[in-house]
Every structure is written in structure tokens, then in C-alpha cells.
Amino acid sequence: MSNPPADRETTVVVADDDEDLRETFELWLSARSAWDVRAAADGREALELVTPAADAVVLDREMPLVSGGEVVRALSKDGFDGSVVVVSGNEPDADLGAEDVSCYLTKPVCRDRLLDAVDAALERERASRPIAQAVTDGSKRDSGPAQ
């Protein structure tokens, strides 16, 4: 999956089994004018929502049915190359560490910290994409003559 061209909104999947927290994260993230935010109550639902259009996943680590760690491993196996931001009450460890994801935040987390983490993770993904992809994306945006 590549990062979205400038004319396509960013799609973010939020997965947390705590309904209040999930809704809060969804509100914070959807305040971005060009962000389509999709919410999941568990890991299985998160995996269903991560389509090729998804650019980032904000993920709780401890969820029913499929844990956050299992979601990260499944996304990696499926070739998901978007950003994964874990927001967890648990510290990183050998099962799921900060090196496994784009960013690992420990709860509680404030609005600005979450938004900054997702922005930074998306920017890192965009910066690391191949130059050929960047040129292709750029040519789609530029409709006028070169300056």
C-alpha cells in the first residue's frame, strides 16, 4: 500500500475495546479535515477495516478476540506498509515493542500527543516511500507547466 496522493483523504483505523476512549480518539482524529476515521471495537474488526485505502492504524494492545500484537503481526504478514501507532496501558516488551510499530504511546495520552504521533508516523511513511512513487504521485498533482 502506498501513501495517499494529495487529492485523497487520509484513512485512519482506530481500534480500542474501551468505547469511550475509542470515541474520543475518533473525534480527535476526525477533526482533521482530510481524514476519514473508521472505528473498531476489537482486533478482528480492525483487521477487517484495514483495507488498501488505510494509511494508519491507531491500536490498543489489549483487546478481545484478536490482540493488538496479533493485529500488528497480521498486518505485517499481509504487507501493510502504513503507519501503526499503539496506544496502550502496557509498556513495550518482547511481545510487542516500540521497534515493531511506527510509534508506541503509553496511556493516558492527551489529544495533542496522539495527533502529533499519528502526524509524525504518516510523515515518516511518506518520506520513506520510493522516489519513483513520489515522482508518480507528484505528476498526478501537477496539471500545469513546470516552473
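R61 is buried, with a relative accessible area of 5%; buried stands for under 20% relative accessible area, exposed for over 50% and partly exposed for what lies in between, with a 1.4 Å probe and protein chains only. This is a predicted model, where local features need pLDDT of at least 70 and side-chain atom pairs count only at pLDDT 80 or more, while totals for chains, interfaces and linings use all residues. Residues are numbered from 1 along each chain as its sequence is written, and side-chain values use heavy atoms, with hydrogens and water left out.

**Around R61**

- You will find R61 in the loop between β3 and α3 (68-77); helices (H or I, at least four residues) and strands (E, at least two) are DSSP runs, numbered from the N terminus.
- The side chain of R61 makes a polar contact with the side chain of Y104 at 2.9 Å. A polar contact is a pair of N or O atoms within 3.5 Å; within protein, one must be able to donate a hydrogen and the other to accept it, and residues adjacent in sequence count only if both atoms are side-chain atoms.
- The backbone oxygen of L96 is also reached by the side chain of R61, at 3.4 Å.

**Helix α1**

- Twelve residues (19-30) make up α1, which reaches 16 Å from its first C-alpha to its last, close to the expected 16 Å (1.5 Å times one less than the number of residues).
- Which residues of α1 are buried? They are R22, F25 and L29.
- Seen down the axis of α1, the buried residues fall within an arc of 65 degrees, so they line one face of the helix; the arc is that of the directions from the helix axis to the C-beta atoms.
- The face turned away from that buried side carries the exposed residues D20 and L27.
- Cover for the buried residues of α1 includes β1 (10-15), β2 (35-40), β3 (56-59), β4 (83-88) and α4 (111-128), where contact means heavy atoms within 4.5 Å.
- At the start of α1, a side-chain oxygen of D18 comes to within 3.0 Å of the backbone nitrogen of D20.

**The whole chain**

- The protein chain has five helices and five strands, in the order β-α-β-α-β-α-β-β-α-α along the sequence.
- Of its 147 residues, 41% count as buried.
- Among contacts with a separation of 6 or more, 63% come from residues 24 or more positions apart.

**Cysteines**

- The structure holds zero disulfides, a disulfide being a pair of cysteine sulfur atoms within 2.5 Å.
- C103 counts as buried at 18% relative accessibility, while C110 counts as partly exposed at 47%.
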